[in-house]
Structures are given as structure tokens and as C-alpha cells.
Amino acid sequence: MVRVSQQKHPEPRPLVVGNWKMNGTPVTVSALLSALQRHALSGELTARADVAVCPASIFIPQALTVLAGTAVTIGAQNAAAHESGAYTGEVSAGMLAAFGVRYVILGHSERRALFGDQDDVVAKKVRQALNAGLVPIVCVGETLAERESGATFDVVRRQLKAVIEEVGMDALSRCVLAYEPVWAIGTGVTATPAQAQEVHAFLRQMLAASSREVAGQIQILYGGSVKASNAAELFACEDIDGGLIGGASLDSEEFLAICQAAK
Ligand code: PGA
């Protein structure tokens, strides 16, 4: 499948994002941030890709401080579907933006499965994030049962369509997409490059039907058991523009190797 970008619009730089999930203590996060700071200041971490890390929200100010002055940007793992008000326990997109956060992961399958983030909620969160000036990383992906029943394309189409209906096609140019097959997340089972590329190409074609420009420009990350040992072959795929890295992003050396595998 030929990438639809056409030569008119140069492809963006790859993007590698670490999703730390609900991991870390003040001590381990300090150590991880120091190691990343060292790799960032030497230039090796961001030599081949833009790099962001998404710590649990309580560690975000620390991450912003330690990585200030490096090329590494900071993301959040979630944000509220509302602008402000009586939403106990929530953190708004505006709050994150005010602190200097750049990205926010939205629609992650763990949020969808465990916290009721259905398509419409994800879409509202994406709208809030865009309004606040954050770059949403919109995650889509099918479960194993959905893949086995042949519903993969229907599922990712439905998930993406809900976001487009809420924010419009043009706004999508200010988003990053992530394809994360649920069966590959945290399981050690990675989609083969061919399986991943097939869905990435499908998503890009779907966008191209409305806007070839957005389709060509948007970064589509692959996520699901990416490791240093499989990153290069995934990142070499035509429509894979980087990765969303869970478990392996908690190890600074492994994460560095993944960032260096970007094409
Ligand atoms: P994993 O997680 O790399 O640990 O599979 C990826 C993700 O959930 O973003």
C-alpha cells in the first residue's frame, strides 16, 4: 500500500511516546527522569525521533522540571471531558496545558475497558484537549475477539469516526493517532509488522477519503508490546510513524534503544 501523503506534503518526524501508566515512586521516577535527561542532553534520545513521556499526573511537574531544556516533551495519560467544575478527581486539559504539558493520551484501551471511556466520552475529551491547545494522542484498537470475528476495521473505523464527528476533520490535523490492538498491550504479543501496517494503512485511507492532506500529515503510532528488539521492523513500515510504548518505556536504556530505532 502506497502512503497517501504524496510528495507534496513531507512526512512528519517519527514520534515515540512513553506511557508510564500507574507506575513509579518518587524515587524510581527521579532515577528514570535523570537517565532520560542525560540521554536527551547528549542528543542521542531525540536524534531520530521526537520523544515524549507520559508519567502519572502527580509526577508531571517533576518531569517538566527535570526535562526542561531538553527536546523531550511531556504528556498526560488522560484528561477530563469537561472544562472545569464539580468533577471530583479529574484533571482538566486546561490545567495540563497551563503547566506546559504538550500531549494527552485519550481513548487508551485501559480507559475504555476499565473507566467507561466510550467513544462519545473520548470524543468530548479530544475536544477539550484541542480547546486547551494540547495534542491528543487518540488511541484505537480491537480486542482479540473482535479481530478473530473479522471486525478489526469496523471497530477502529467506529472509534475514529466518533472523534471526527465531534471535532471535525480539520481538527484531526492537530491530533496524533495510535493504533493499539488490545490483544498486544502488555501481553508480550506484538502485532506483526504486516498486521500493524494493514490497520495503519486502513486508517490513513479512511482519512484520505475526506482529506488527503490530513491523511498524509497525521502521525499514526503503533502501540502494543513494542520493545527494542521489535521496534525497528515496526517503525520501518510505510504507515507507522512511531510508537506508543508502555512497559518498555519504564527502562531508560530500552526506551533509548526504541527511540533510536525510528526510521
Ligand atoms: P505495552 O503498552 O507497550 O506495555 O504493551 C502499550 C500501551 O498500552 O500504550
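Me: Which helix gives the most to the lining of the largest pocket?
Reply: α4 does, with 3 residues. Helices here are DSSP runs of H or I, at least four residues, and strands are runs of E, at least two, numbered from the N terminus. A pocket is an open set of points on a 1 Å grid over the protein atoms alone, where a 1.4 Å probe fits, with protein on both sides within 12 Å along at least five of seven lines. Lining residues have an atom within 4 Å of a point.

Me: What kind of model is this?
Reply: This is a predicted model, where local features need pLDDT of at least 70, side-chain atom pairs count only at pLDDT 80 or more, and totals for chains, interfaces and linings use all residues. Residues are numbered from 1 along each chain as its sequence is written, and side-chain values use heavy atoms, with hydrogens and water left out.

Me: Back to the pocket. What volume does the largest one have?
Reply: About 490 Å³. A volume is the space filled by probe spheres set on the grid points, which are joined across faces, edges and corners.

Me: Which residues lie nearest its centre?
Reply: Met22, Gln77, Asn78, Arg111 and Phe115, out of 20 lining residues. By class, the lining has 10 nonpolar, 6 polar and 4 charged residues. Ala, Val, Leu, Ile, Met, Phe, Trp, Tyr, Cys and Pro count as nonpolar, Asp, Glu, Lys and Arg as charged, and the others, Gly among them, as polar.

Me: How many cavities of 30 Å³ or more are there?
Reply: The structure holds 1. A cavity is a set of grid points where the 1.4 Å probe fits but cannot get out.

Me: Which elements supply at least two residues each to that cavity's lining?
Reply: α4 (109-114) and β5 (135-140). The lining residues include Ser109, Arg112, Cys139 and Val140.

Me: How many salt bridges in the whole structure?
Reply: The search finds 12. One of them joins Arg204 and Asp239 at 2.5 Å, N to O. That pair is 35 residues apart, with Arg204 in helix α9 (residues 193-208) and Asp239 in the loop between α11 (228-235) and β8 (242-245).

Me: Are Arg204 and Asp239 buried or exposed?
Reply: Both are buried. Arg204 also forms a salt bridge with Asp241, the closest N and O atoms being 2.8 Å apart. Asp241 sits in the loop between α11 and β8, so this pair ties helix α9 to a part 37 residues away in sequence.

Me: New topic. Where is Asn19?
Reply: In strand β1 (residues 15-19). Asn19 is buried, with a relative accessible area of 5%. A polar atom of its side chain lies 3.1 Å from the backbone nitrogen of Lys21.

Me: And where is Ala184?
Reply: In the loop between β6 (176-179) and α9. Ala184 is buried, at 0% relative accessibility. Its C-alpha is 9.0 Å from that of Val226, 42 residues apart along the chain.

Terms used: Salt bridge = Lys/Arg side-chain N within 4 Å of Asp/Glu carboxyl O. Buried < 20%, exposed > 50% of the residue type's maximum accessible area, 1.4 Å probe, protein only. Polar contact = N/O pair within 3.5 Å; in protein donor to acceptor, adjacent residues only side chain to side chain.
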